[in-house]
Amino acid sequence: MDAAVRELSYAQAIQEAMAIAMDMDERVFLMGEDIGVYGGAFQVTGDLVERYGTDRVIDTPISELGGAGVAVGAAVTGMRPIFEFQFSDFATLGMEQIVNQAAKMRFMLGGEVSVPVVMRFPAGSGTGAAAQHSQSLEAWLGHVPGLKVIQPATPHDAKGMLLAAVADPDPVMIFEHKLLYKMKGHVPEGHYIVPIGKAEIRREGGDLTIVATSIMVQKALEAAAALGGEGIDIEVVDLRTIRPIDRQTIVDSVKKTSRLLCVYEAVKTLGIGAEVSALVAESEAFDYLDAPIVRLGGAETPIPYNPDLEKATVPQVPDIIAAARDLVKGVR
Amino acid sequence: MAGASKAVMDSRANLPFVYRQYSPEQLRQVLHKMYLIRRFEEGAEECYMRGLIHGTMHLSIGQEASAMGICMPLAEDDQITSTHRGHGHCIAKGAEVSRMFAEFFGKTTGYCKGRGGSMHIADVAKGNLGANGIVGGGIPIAVGAALSSKRMKTGKVVVSFFGDGANNEGAFHEALNMAAIWKLPVIFVCENNGYGMSTSTARSTAVKNIAERAAAYSMPGVIVNGNIFSEVAEASFKAVERARAGEGPTLIESKTYRHRGHSKSDRNRYRTKEEIEDWMANRDPVTLFETELRDFGFIDDQGIEAIRNAVAKEIADGIEFAKASPAPEIATLENYVYTEQA
Ligand SMILES: Cc1ncc(C[n+]2csc(CCOP(=O)(O)OP(=O)(O)O)c2C)c(N)n1
Ligand SMILES: [Mg+2]
């Protein structure tokens, strides 16, 4: 196949990145629940255990707190662990090691150590797995100085950002939306890096800026395409990193379009949309705004099991279309 | 047949525990419920395959004697916390299959009004505080329920079901310790089916028998063959007596096996076909109990046939009830997040 158009799924792209990282650096290894012969709950590690052996693809017992702590300890002492939480919801069990230890160790020790650990979190709703297996908790971790938190939205970025995370000297938390795992897209061969902390403009436009994260980037692009037919010209910013946030790209885009819509799956209140709105309100872009800022986020409820309720919990393409249209037409 | 059965009844003294402890009618009820669990899960699986149920589910087929044996000595207001593999616990504690099906179909008539699904199935009225999506999540909650029982002097005993995988979570260790220091009326039931998802206990757990961990928390640790109803019920009976007498917790390790994969997306790569077939052919808990009941003269072929037919009808009716039930209105999306106040 022509290398320039090679396509991989999002899950395959992550797997390839982990293989490249292990090939390049003996210190890199993988840890997690059922990542060996089972291949990972979402088949992201796949057959890596066959290629790299059980010393580098380690099945842990069901021990999230302990497992996260072991990864932190190995990272501080010279290894480069990539730790998979089976579901992002189980970050809640590992929180102590993530928040109190990994994030603060370098600071507390006055810069004497680094914690180059990577943690991966399959996240989000849409699979019928109900309240304890569908959450989007990235903003929780985004609130913690010392962590870097990323949400790649394409197979290309999933690979490049994972390789950036492995090369990073500090703890990097990767939130991967489960519904993206099967998404296919162009993924270059070999090693490349997509920098942490840089947003990407996925579609240029002059009427409205949509700042979206993760799977909402795809939904925003669909909405933008539909509204293009109505003569509404939308710019879609893929935030990609929520800590450190790319303030400049957002501000520049809003200065150009004069309108801002934030779209994210996590619960709306106290979420990433609040941060994006506030940073725009605090910036020179404020004077350019022609309309109130609007946030579209998850409902104020845990994720329900019933599929129709589940869909209604998070923003869908028609919701984005309606909100964007209202904003541009001045209904709001 | 009737004569033989009478002769056997007279010599009940030599039979295993449950045949001495419970009436023939109660024991036939147990067989009925074991079939109900088995057929419920087969029915749910079929509905899932046909796209009528979404999400995922974890079937306990092969573990029915464990659920039934543990719940046998429990009173209606005793309580349990259950797991992701909790359909059997739910039925054993008294739930109706129609409302369970309704839950799996996401309907308002379901036990969780369509919000929970298989992984959060519960029946609070019957003392089932809920299955759990978090491995080990229910263990400390059971200890809390036992604390309530002790403080409020309700006399309730609480059972916490969990798997072999859960015994490596911190919550397991913290919970057992607190239950022991406070002598709470709680029974920890580890249903050891050999695997936590793909990871065998040999690979996940430092001790050979999980019951050995009881020693670290100064409580009795009992190992039972989880596929033999009488063995499980006997251990549970003793643990319940101990709990009611205020003597504190017990850890029961019920060794069993799940016939199906971990969930609907398991390719069974971590175990052999021979192993699965061996358990199905030689240690099926429903077959074992049915054979025993018949051999001891507590039931005849006609009686077994009647149970099977009754169960088949209950399952078919349950599915019909679920299908005919209303789905929740989207407008109710944010209900039940907080307690409604007048
Ligand atoms: C805290 C947590 N970690 C991981 C999982 C994913 N998971 C669900 S069930 C399961 C295996 C549990 O094994 P075990 O406790 O033996 O119960 P079994 O499935 O065998 O009944 C795993 C890893 C989870 N739900 N919760
Ligand atoms: Mg198990």
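A residue counts as buried under 20% relative accessible area and as exposed over 50%, with partly exposed in between, using a 1.4 Å probe and protein chains only. Helices (H or I, at least four residues) and strands (E, at least two) are DSSP runs, numbered from the N terminus. The model is predicted: local features need pLDDT of at least 70, side-chain atom pairs count only at pLDDT 80 or more, and totals for chains, interfaces and linings use all residues. Residues are numbered from 1 along each chain as its sequence is written, chains are lettered from A and ligands numbered from 1 in the order in which they are written, and side-chain values use heavy atoms, with hydrogens and water left out.

Start with strand E3 of chain B, residues 186-192. Seven of its seven residues are buried, so the strand is largely enclosed by the rest of the structure. In a regular strand the side chains alternate between the two faces of the sheet. In E3(B), B:Val186, B:Phe188, B:Cys190 and B:Asn192 point one way. B:Ile187, B:Val189 and B:Glu191 point the other way, and all are buried.

E3(B) has a partner. It pairs with E2(B) in the parallel sense, over six bridges. Two strands pair if DSSP finds at least two bridges between them. One of the bridges links B:Gly163 to B:Glu191 in E3(B).

Now turn to the metal. The magnesium ion (ligand 2) is coordinated at 2.1 Å by B:Asp164 (OD), B:Asn193 (OD1) and B:Tyr195 (O). Donors are N, O and S atoms within 2.8 Å of the metal (3.2 Å for Na, K and Ca); water is not among the atoms, so sites may look incomplete. The spacing of the donor residues in sequence is D-x28-N-x1-Y. B:Asp164 lies in the loop between strand E2 (158-163) and helix H8 (170-181) of chain B, while B:Tyr195 lies in strand E4 (residues 195-196) of chain B, so the pair ties together parts that are 31 residues apart in sequence. Both B:Asp164 and B:Tyr195 are buried.

Which residues are closest to ligand 1? They are A:Glu64, B:His84, B:Arg85, B:Gly133 and B:Gly165, among 23 residues that surround the ligand. A residue is near a molecule or strand if one of its heavy atoms lies within 4 Å of it. Chains A and B both supply residues around ligand 1, so the site is shared between chains. By class, the shell holds eight nonpolar, nine polar and six charged residues. Here Ala, Val, Leu, Ile, Met, Phe, Trp, Tyr, Cys and Pro count as nonpolar, Asp, Glu, Lys and Arg as charged, and the others, Gly among them, as polar.

A polar side-chain atom of B:Arg85 lies 2.7 Å from an oxygen atom of ligand 1. For B:Asn193, a polar side-chain atom lies 2.8 Å from an oxygen atom of ligand 1. B:Asn193 also coordinates the magnesium ion (ligand 2) through OD1. From chain A, an N or O atom in the side chain of A:His133 is 3.5 Å from a nitrogen atom of ligand 1. Taken alone, ligand 1 exposes 580 Å², and the protein buries 97% of that. Accessible areas come from the Shrake-Rupley method with a 1.4 Å probe; for residues, only the protein chains shown count as cover.

B:Arg85 leads on to B:His262. Their side chains are joined by a polar contact of 3.1 Å. A polar contact is a pair of N or O atoms within 3.5 Å; within protein, one must be able to donate a hydrogen and the other to accept it, and residues adjacent in sequence count only if both atoms are side-chain atoms. B:His262 sits in the loop between strand E7 (250-255) and helix H11 (273-282) of chain B. Its relative accessibility is 11%, which counts as buried.

Helix H4 of chain B, residues 64-71, is mostly covered, with eight of its eight residues buried. Among them are B:Glu64, B:Met68 and B:Cys71.

A cis peptide bond joins A:Arg243 and A:Pro244, with omega about 0 degrees. A:Pro244 is in the loop between strand E12 (241-243) and helix H9 (247-257) of chain A. A:Ser258 has a phi near 70 degrees, a positive value in a residue other than glycine. A:Ser258 is buried, with a relative accessible area of 12%. B:Lys153 has a phi near 50 degrees, also positive in a residue other than glycine. B:Lys153 is exposed, at a relative accessible area of 72%.
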